[in-house]
Amino acid sequence: MLGITHSAALLGVDAYPVQVEVNTGEAGELKFILVGLPDTAVKESQDRVFSAICNSGYRMPGTRTTINLAPGDLRKEGPAYDLPIAVGILASMKQCADETLGSYLIAGELSLSGRTRPVKGALAMALLARNSGKQGIIVPAESADEAALVDGIDVYPVRSLDETVRFLNGERKIPPIASSESRFYQPPPDDERPDFADVKGQLAVRRAVEIAVSGGHNLLMIGSPGSGKSMIAKRIPGIMPEPDLDEFLEILSIQSAAGSTLNSRNRYFQRPFRAPHHTISDVGLLGGGSIPGPGEISLAHNGVLFMDELPEFKRSALEVLRQPLEDGQVTISRSAGKVTLPCSVMLVCAMNPCPCGYAGDASRECRCTVPQIQRYRSRISGPLLDRIDLHVEAPALRIEELRSVQPGEASADIRERCQAARARQLTRFQNGVSPAARCNARMGHADIRRHCVIDKDQGDLLQRAMEQLGLSARAYDRILKVARTIADLADSAEIATAHLLEAIQYRSLDRNLFY
């Protein structure tokens, strides 16, 4: 007898339909055959499935059984096929009703006892089920929260194989989870949010961070060890505007495909903050694998990618960031297929001015030679530096600043100004040339010409600065974008000379530190 269930395969962050066909009662010796390009985890599913079926009180087939995962040219990965395979086997033996199986997309890992375990990509599977016209999706209860964020599809949480079969047989009612019940809508607890009030001094750095967040600009902080660069970076998500639902679904689809949502700490309505170690590989940073998956730059989509000790990263890992930072997406080609992943991130970098870290420090003497400093700084290429909009020095704190008991400005106050500036940008871009632009950093050339108009005197000023600093044409556009953001923070319709001068000073480190 033939039993058919419907599931999904993940490729990148998207789900593709998979039909699970189970045929029992075949002539020949007792044997179980699994075909359809399964990986090792899928091949091992038959052992988990057979134990789960027996421990749930159902009969196993006593004849040759063939399990086919169609289409056969799409590689199947992971344990999410356990539950649809088990249901297909029971349907082929008439232990599970097969009349309604076509109405549901089923995914879930099974333990040997028959209990379900969460799976990756539940959100993408729910989107596939809705777009395929399914009535609902059946997933483990731990994965149902994220799937419930998709409107227009019923999400049924199950905790075991037996519960799934009873639901399909009409013996048990399982109410679908409403979107409003999803825990992902909850904000993180206040005590888990680092606050800028803890930061002592560093007024110039705080100003640069506020500008960077308001416009979505990339930021580089340069300073001695212990000056607070990492501490400030970890507080940047707390002043970023909350994502809207579309942005959050983009964030969550990537996190879900990578399995990050299985961690309860990531189950909040917030922007991501990723801080990879400097030993990370090119694939770990950009994405890839035998079946292409998201890397750190995609996992930070619509959030912050923090690269501490920037010159310590491998040169090849840094260079692969050039095109993704410019385009906001990365295309990965492997033998298993080609996927395009979003990676619109705010890049925040931190580094020391020299190998020992104390070049320019008034209280400590630098022990590095000039060639050592040049080699250290040359690890960051000009093209990559060109894509970082703001460069700011973070000097070592004085003892008086450390002893101060007066708290700094709170994150809530800074976030309010950043949100107001972002709101002005969204209003401006509603009729813009680049409909995908959400912040000034993502403006195209046509939008720059339209919204970053400067007069002749300002143009002459910018030209002199470009010639003195030896900046590129890309840096010219980026200075205008930063000036537009500074004007937005000042609630100014036009870019004033003071705004332009402040934007130019954030490029002065190009020559002072790297040339």
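User: Which residues of H4 are buried, and what makes a residue count as buried?

Analyst: In this predicted model, where local features need pLDDT of at least 70, side-chain atom pairs count only at pLDDT 80 or more, and totals for chains, interfaces and linings use all residues, the buried residues of H4 are Ala122, Leu123, Ala124, Met125, Ala126, Leu128 and Ala129. Buried means under 20% relative accessible area, exposed means over 50%, and partly exposed lies in between (1.4 Å probe, protein chains only). Residues are numbered from 1 along each chain as its sequence is written, and side-chain values use heavy atoms, with hydrogens and water left out. Helices (H or I, at least four residues) and strands (E, at least two) are DSSP runs, numbered from the N terminus.

User: Why is helix H4 called largely enclosed?

Analyst: Of the 10 residues of H4 (residues 122-131), 7 are buried, so the rest of the structure largely encloses this helix. Its buried residues are covered by elements including strand S1 (2-11), strand S2 (14-26), helix H5 (141-147) and H9. Contact here means heavy atoms within 4.5 Å. After H4 comes Gly133, with a positive phi near 80 degrees.

User: Why does Gly25 count as exposed?

Analyst: Gly25 has 55% relative accessibility, and therefore counts as exposed. This residue belongs to strand S2. Leaving aside residues up to four places away in sequence, Gly25 touches Thr63 and Arg64.

User: How do you know that Glu210 and Arg417 form a salt bridge?

Analyst: The term requires a side-chain nitrogen of Lys or Arg within 4 Å of a carboxyl oxygen of Asp or Glu. The closest N and O atoms of Glu210 and Arg417 are 2.7 Å apart, and the pair forms a salt bridge. Glu210 is in helix H7 (residues 203-215) and Arg417 in helix H17 (residues 411-429), so the bridge ties together parts 207 residues apart in sequence. Glu210 is buried at 8% relative accessible area, whereas Arg417, at 31%, is partly exposed. By this rule, the count is 28 salt bridges.

User: What makes Arg474 and Asp386 a pair that ties parts of the chain together?

Analyst: Their closest N and O atoms are 3.3 Å apart, and the two form a salt bridge. Arg474 lies in helix H20 and Asp386 in helix H15, so the parts tied together are 88 residues apart in sequence. Arg474 has a relative accessible area of 29% and is partly exposed, while Asp386, at 11%, counts as buried.

User: Which residues are linked with these two in a network of salt bridges?

Analyst: The network links Glu326, Asp386, Arg387, Asp389, Arg474, Arg478 and Arg507. Within this group, the side chains of Glu326 and Arg387 meet in a salt bridge at 3.3 Å, N to O. Glu326 is in helix H13 and Arg387 in the loop between helix H15 (382-386) and strand S18 (390-394), 61 residues apart.

User: How many residues line the largest pocket, and of which classes are they?

Analyst: The lining has 36 residues, among which Asp327, Gly328, Ser344, Ala441 and Arg442 lie nearest the centre. By class there are 13 nonpolar, 11 polar and 12 charged residues. Ala, Val, Leu, Ile, Met, Phe, Trp, Tyr, Cys and Pro count as nonpolar, Asp, Glu, Lys and Arg as charged, and the others, Gly among them, as polar. H20 gives the most to this lining, with 5 residues.

User: What makes a space a pocket?

Analyst: On a 1 Å grid over the protein atoms alone, a cavity is a set of points where a 1.4 Å probe fits but cannot get out, whereas a pocket is an open set with protein on both sides within 12 Å along at least five of seven lines; lining residues have an atom within 4 Å of a point.
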